[in-house]
Amino acid sequence: MNSRSNRAALFDGIEEGGIRASSSYASHEIDEQENEKAMDGLQDRVNLLKRLSGDIHEEVETHNRMLDRMGNDMDSSRGVLAGTMDKFKMVFETKSSRRMFTLVASFVVLFLVVYYLTR
């Protein structure tokens, strides 16, 4: 009986070790599956961030082009305004042109006064 109890103890230990090994293996499989799910989730997030950064890049490029066009338009407007100011300077430098400007300004003011009085 002593040998039987030794034998039973020996086999019980193997079975327990086998159970422990298989449960450890199952636990390892579960951990691996969780890791796969986590990696898939991370991959989805990385792809989303990649698309977002691409969209942001396109938006920045569009705004840069728009700002460049606005800057060019402002430069051309500045050139036109400078030309107009040069023409005004020429008008005010000559006395006959100054008299003509005074006459036109007087008519405009008189027209505005009459308009507001009749209104």
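The following legends describe close-up views of a predicted model.

Residue numbers run from 1 along each chain as its sequence is written, and side-chain values rest on heavy atoms, with hydrogens and water left out. In this predicted model, local features require pLDDT of at least 70 and side-chain atom pairs count only at pLDDT 80 or more, while totals for chains, interfaces and linings use all residues.

**Figure 1. Overall fold and exposure of the protein.** The protein has two helices and zero strands; helices (H or I, at least four residues) and strands (E, at least two) are DSSP runs, numbered from the N terminus. Of its 119 residues, 0% count as buried, where buried means under 20% relative accessible area, exposed over 50%, and partly exposed in between (1.4 Å probe, protein chains only). The protein exposes about 11,200 Å², of which carbon and sulfur atoms supply 62%. Accessible areas come from the Shrake-Rupley method with a 1.4 Å probe, and for residues only the protein chains shown count as cover.

Figure 2. Side chains of opposite charge can pair when their charged atoms come close. A salt bridge is a side-chain nitrogen of Lys or Arg within 4 Å of a carboxyl oxygen of Asp or Glu, and the count by this rule is one. The side chains of Asp75 and Arg78 meet at 3.2 Å, N to O. Both residues lie in helix H1 (residues 2-93), three residues apart, or about one turn of the helix. Asp75 is partly exposed at 46% relative accessibility, whereas Arg78 is exposed at 53%.

**Figure 3. The aromatic cluster of Phe111, Tyr115 and Tyr116.** Ring pairs link these three residues into a cluster. Rings of Phe, Tyr and Trp (its six-membered ring) pair if their centres lie within 6.5 Å; planes under 30 degrees apart count as stacked, over 60 as edge-to-face and the rest as tilted. By this rule there are two aromatic pairs. Phe111 and Tyr115 form a stacked pair, with 6.5 Å centre to centre and 20° between the planes. These two residues are four residues apart in helix H2, and so are separated by about one helical turn. Phe111 is exposed at 57% relative accessibility, and Tyr115 is partly exposed at 43%. Tyr115 also pairs edge-to-face with Tyr116, at 5.6 Å centre to centre and 70° between the planes. Tyr116 is exposed at 55% relative accessibility.

**Figure 4. The nonpolar surface patch and the annotated span.** Met100, Leu103, Val104, Phe107, Val108, Leu110, Phe111, Leu112, Val114, Tyr115 and Tyr116 form a nonpolar patch on the surface, with about 1,100 Å² of accessible area together. Patches are made of residues with over 30% relative accessible area and no salt bridge; like charges are joined within 9 Å, nonpolar side chains (Val, Leu, Ile, Met, Phe, Trp, Tyr) within 5 Å. One of the patch residues, Val114, is located in helix H2 (residues 95-118) and is partly exposed, with a relative accessible area of 43%. An unreviewed UniProt entry places the feature "transmembrane region" at residues 100-118; UniProt positions follow the numbering used here, feature names are shortened, and annotations may be inferred rather than shown by experiment. In the model, the end C-alpha atoms of residues 100-118 lie 27 Å apart, and the span is 100% helix and 0% strand.
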